[in-house]
Amino acid sequence: MRRLLLAGLIAFCVLPAAAVAAPPASSAAPLDLETIMANPDWIGQSVEDPYWSVDGRSLYYSLKRDGSPVRDLYRVDPASGNSVKLDPAAMAQADGPPVFDHAHQHAAFILHGDVFEVDLASGRRRQVTITPQHESSPQFSADGRALQYRDGNDWYSYDLASGVAAPVAELKFADDPQAKQPDDLGELQLQLFKTLREVKADKQAMLDQRKALEAADPGRAPPPFWLGDKIRLVDSELSPNGRWLLLVTAPKGHQKGKAPQVNHYVTDSGYTEPEDARNYVGRNDPAPQSLWLLDLAHHQKYALKTDGLPGIKDDPLAALRKQAVAALEKDGKTDEAAALKAPDVRLVRIVAGGDDGGGGGVAWSNDGSQLAIQLRAIDNKDRWIASVDFADHKLVTQNRLTDAAWINWSFNEFGWLPDNRTLWFESEASGWAQLYVKPLDGKARALTGTGYEVSSPVVSPDGKWFYVLANKQAPYAYDAYRLPTTGGDLQRITRYEGLGCAECSVPFVLSPDGSRLAVPHSTAYVPPQLAVVNVDGSGAHELTDTRSAKYKAMHWVEPQFVKVPSSHGHFDIWAKYYQPADYDTAQKHPAVLFVHGAGYLQDVTKSWSYYFREQMFQNLLLQQGYVVLDMDYRASAGYGRDWRVAIYRQMGHPELEDLLDGKAWLVKDHAVDPKRVGIYGGSYGGFMTEMALLRAPGEFAAGAALRGPSDWTSYNHEYTSNILNDPQLDPEAYRISSPIEYADKLQDPLLIEHGLIDNNVMASDSIRLYQRLIELHKNNFWISLYPLERHGFEHADSWYDEYRRIDELFNTYVKPDKAASQ
């Protein structure tokens, strides 16, 4: 039955024949879809994951191999720019991203999943582990005598002098068998039978002897910590001084709820194969997390309770809760109403766990004397940073960030300055992402200003400087800056205006001696390349150019950075505007609005875009006579807290206002025909395309919605509950924010495209909307399904087919000047 349904859906994928594309006005070779939607290997590879060698004399980076997902490792001389691809033998002798001890006498890194240590004076290199597991998180002990690392959540300490590695703790998630006490029947047996008493005494004698030997001999393995069978381990973090181990746990029996499935129809086996996907929002909240502090020196464990955090017993959703409970009770749904009761103490998460919830993190000071923990309420309204009082084994709040909408996913980094007494952290408390410092017994102080975003803080090895990424020059221009850790001017280091991008794991990498930055940077049409610059901004020079000769020979139209005035407030909307060089304003033109995805994403930047294929497609549209506008509508990143949360409880509404203002700007200032404007986008952009056609019928001549959520009740918990709360608490927010609720308004041509094995936005979202349109007897809507694609398409054939259909849609319904032909 399912296969019949699939065949029926695919049968509706055909669009009317496309109009013939007009030749480009310029002398450059015309673009074609086959080229721009081909495997992007033809462009050249982006530089990935740069890091410095242990001695700081070389840089390493990775490049994807043409025609393969394999990444090759390269080493480049930052002075000459000479790069060498390392063969397998050379890779075995390469460094990994290094960490250093406080005295800078030793370095450590992970290479092919094992731990290595280097003596910096002699250059001697030792392999610490050879295991099938992948070790991680190397760090040196505070006294420099040991190298600590983890295997999963198990921590080990490697003594540099003896070369012996040992686990720092043995964790048992069961009840201590020695702690079991006999009940009244057991007591009776001991009273009756001498032999049982003797057996018990013998066991106790052996246990006492073992404890005495363990206490007297540090060479023995530590005794286990018995933690009970009601919890499971989520994370563990070892103090550099080796004294403490922090555990993050969750209830063992927490039910994740029923997971939807995606079906693989084209398979190696020839059979349809189902796959579990992530849960729907509101089907079950993520598991709450708790904290345990283990004293490794005295073998004691302590629960770090969260009930003393300020506001932890408040209910920020009380008004919505009261309204939802009343509605349920009115309908006689008393059990569902009771389930909405607010907890006495709000539940929190400390670290991220899969797709079922975000968290905060853990940061030890360099000497292990201080511990900071970031906790986030599961209701998304509060973030706390707390230190730990080791004497009383309790949390001490250092900062609380509250947001009536939701705490951002970004700008939550924090740590310690080298004085081991001063916290630094990021916060949107002012409405902008700023960097703060706070002594444990003092007040927080902002080091950066407002009106721009600061992120990715790195403290210099000497502790004197912060290095940050910021868009201080303009919202779309990102560079590296530095400022004193004691406060002072924000000093611009780089002048690229294109640091940070979707493919850049880090915006810069500070050299081991703190004198230089390795800088991945890009432009609109140049994928990330590597440069090096002195920390005072001098001596910048390029190290790579990985573009192919064919790509470099192509002609591209540079986007113009423009501000579109809003008709809904005293603000402008930044956008990228694409217009051909020979644009004739004496006649009316067709236009296309491209809508970026993710909601909270910034596409109006000078750097390489996640949407590089789409940007090439914009150029193809230009040579066919269109102009294109790409807007950072409200909820986009880069513009502060208020811009981000404008969509709280009303997704698709402020954004649509901005898109309509974009259309009005094109019509007023750029000779665009208001009847010939198309719209398209993927993911959140697909959602917005559906909202545009369904909530503003007649405004757009046609739209293409790619892999868009049509019903937010079927998206995931973490993303959706932040913006719309839980559907049980806030059903109205879901109703007004879901395109499927407006399906009866469709009157303009709509193309829906979706990967069938998408486990992010499931294909069922598009299929359900399609079925709704069928039942409403709508016209001019189509669906195209891609059996081998997930959310981010990977195969060139699918990319080509997807955009061929979009091109046909626009050339059929947007481009023709119907008024002129009548």
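# A chat about strands and helices

Visitor: Where do we start?
Guide: With strand 1 and strand 2 (residues 59-64), which pair in the antiparallel sense over three bridges. Keep in mind that this is a predicted model.

Visitor: Okay, which residue stands opposite leucine 59 of strand 2?
Guide: That's tryptophan 52.

Visitor: And is strand 1 largely enclosed or left open?
Guide: Strand 1 covers residues 48-52, and four of its five residues are buried, so the rest of the structure largely encloses it.

Visitor: How many residues sit between the strands in that hairpin?
Guide: Six residues lie between strand 1 and strand 2. In this hairpin, glycine 56 takes a positive phi near 75°.

Visitor: How many bridges join strand 26 to strand 27?
Guide: Three, and the two strands run antiparallel, with strand 27 spanning residues 422-427. Tryptophan 416 has leucine 423 in strand 27 as its bridge partner.

Visitor: Now helices. How does one describe two packed helices?
Guide: By the angle between their axes and the distance between the axes.

Visitor: Then what are those values for helix 4 and helix 5?
Guide: The axes of helix 4 (residues 184-192) and helix 5 (residues 194-216) come within 5 Å and cross at roughly 105°. Angles of 65 to 115 degrees count as roughly perpendicular, and helix 4 and helix 5 are therefore roughly perpendicular to each other.

Visitor: Which residues make the contact?
Guide: Helix 4 brings Gln189, Leu190, Gln191 and Leu192, while helix 5 brings Lys194, Leu196, Arg197 and Lys200. By class, that contact has three nonpolar, two polar and three charged residues.

Visitor: What about helix 9 and helix 16, how do their axes cross?
Guide: Helix 9 (residues 612-623) and helix 16 (residues 796-813) have axes that come within 12 Å and cross at roughly 35°. Helix 9 passes helix 16 in a right-handed crossing.

Visitor: Which residues meet there?
Guide: From helix 9 you get Arg613, Glu614, Phe617 and Leu621. They meet Trp799, Tyr803, Ile806, Asp807 and Phe810 in helix 16.

Visitor: And how many of them are nonpolar, polar or charged?
Guide: The contact of helix 9 with helix 16 has six nonpolar, no polar and three charged residues.

Technical notes. Residues are numbered from 1 along each chain as its sequence is written. This is a predicted model: local features need pLDDT of at least 70, side-chain atom pairs count only at pLDDT 80 or more; totals for chains, interfaces and linings use all residues. Side-chain values use heavy atoms; hydrogens and water are left out. Axes are lines fitted to C-alpha atoms, for helices over the stretch in contact, and angles run from 0 to 180 degrees between N-to-C directions. Angles under 35 degrees count as roughly parallel, over 145 as roughly antiparallel, 65 to 115 as roughly perpendicular and the rest as oblique. Contact means heavy atoms within 4.5 Å. Ala, Val, Leu, Ile, Met, Phe, Trp, Tyr, Cys and Pro count as nonpolar, Asp, Glu, Lys and Arg as charged, and the others, Gly among them, as polar. Two strands pair if DSSP finds at least two bridges between them. A crossing is left-handed if the near helix is turned anticlockwise from the far one by less than a right angle, and right-handed if clockwise. Buried means under 20% relative accessible area, exposed over 50%, partly exposed in between (1.4 Å probe, protein chains only).
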